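Trainee: I am new to this structure and would like to learn how to read it. Could you take me through a few features, one at a time?

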Amino acid sequence: VTKEKEVLSVAIKTFAAIYIGSYEVSLKVFELSPKKQLRKIDYVRSRVELGKDSFTKGIIGYELVEELCQVLKEFRRMMDGYQVADYRAYSSNVLRDVSNKLFVLDQILLRTGIEVGILSNSEHRFIGYKSLAVNPFFEKLIQEGAAVADVGGGSMQITLFWKGKASTTQQI
């Protein structure tokens, strides 16, 4: 029985994804089987209003850094409980555009052990469109012509598609 458990535990890996948004921080935990099947096993969200400081003051204040680190510490405990083999943590414009981003990233790493990457606007949009592209309906829609609006906490991106390709995009 022990040998079978060892083989099974090696065969199935766990992966976690953390996203730090303008008004919410989320954690998704997945199992990845040997057949490359991805199965979501947990999804947790916590409201942290980073955009309140980021978009009005241009910095993230100490109290919000503290709140963010407390949430991420709890996420770290959950990842440890699930025996997560690997993770990725990202943020977008809520941290990208603040003047104290290096301080915030350093505090997160020191207090939680979680390394956070910051997505460029292009990377963020690419990931969003890639998630839409798995739907066969999306391909048909963009062939005919479509406008896709991505409304976030601190910005909006509108992309026009024509004949299967993005013809123009604008961030507001």
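Trainee: Which residue in β3 is the bridge partner of K28?

Mentor: Residue Y43 is the bridge partner of K28. Before going on, note that this is a predicted model, where local features need pLDDT of at least 70, side-chain atom pairs count only at pLDDT 80 or more, and totals for chains, interfaces and linings use all residues. Residues are numbered from 1 along each chain as its sequence is written, and side-chain values use heavy atoms, with hydrogens and water left out.

Trainee: In which sense do β2 and β3 pair?

Mentor: Strands of a sheet pair through backbone hydrogen bonds, either parallel or antiparallel. Here β2 and β3 pair in the antiparallel sense over 8 bridges; two strands count as paired if DSSP finds at least two bridges between them. Strands are DSSP runs of E with at least two residues, helices are runs of H or I with at least four, and both are numbered from the N terminus. The two strands form a hairpin with 5 residues between them, and K36 in that turn has a positive phi of about 65°.

Trainee: What is the order of strands in the open sheet?

Mentor: The order is β3-β2-β1-β4-β5, with mixed pairing. At the edges are β3 (38–46) and β5 (117–118), each pairing on one side only. Strand β5 pairs with β4 (residues 86–91) in the parallel sense over 2 bridges, and S91 has I118 in β5 as its bridge partner.

Trainee: Is S26 buried or exposed?

Mentor: Buried means under 20% relative accessible area, exposed over 50%, and partly exposed in between, with a 1.4 Å probe and protein chains only. S26 has a relative accessible area of 11%, so S26 is buried. This residue sits in strand β2 (residues 25–32). Leaving aside neighbours within four places in sequence, S26 is in contact (heavy atoms within 4.5 Å) with residues including Y19, Y43 and F75.

Trainee: Which element gives the largest share of the lining of the largest pocket?

Mentor: Rolling a probe the size of a water molecule over the atoms shows where empty space is left. A pocket is an open set of points on a 1 Å grid over the protein atoms alone, where a 1.4 Å probe fits, with protein on both sides within 12 Å along at least five of seven lines; lining residues have an atom within 4 Å of a point. The largest share of the lining, 6 residues, comes from α6. Of the 33 lining residues, the closest to the centre of the largest pocket are Y19, L119, H124, I127 and G128.
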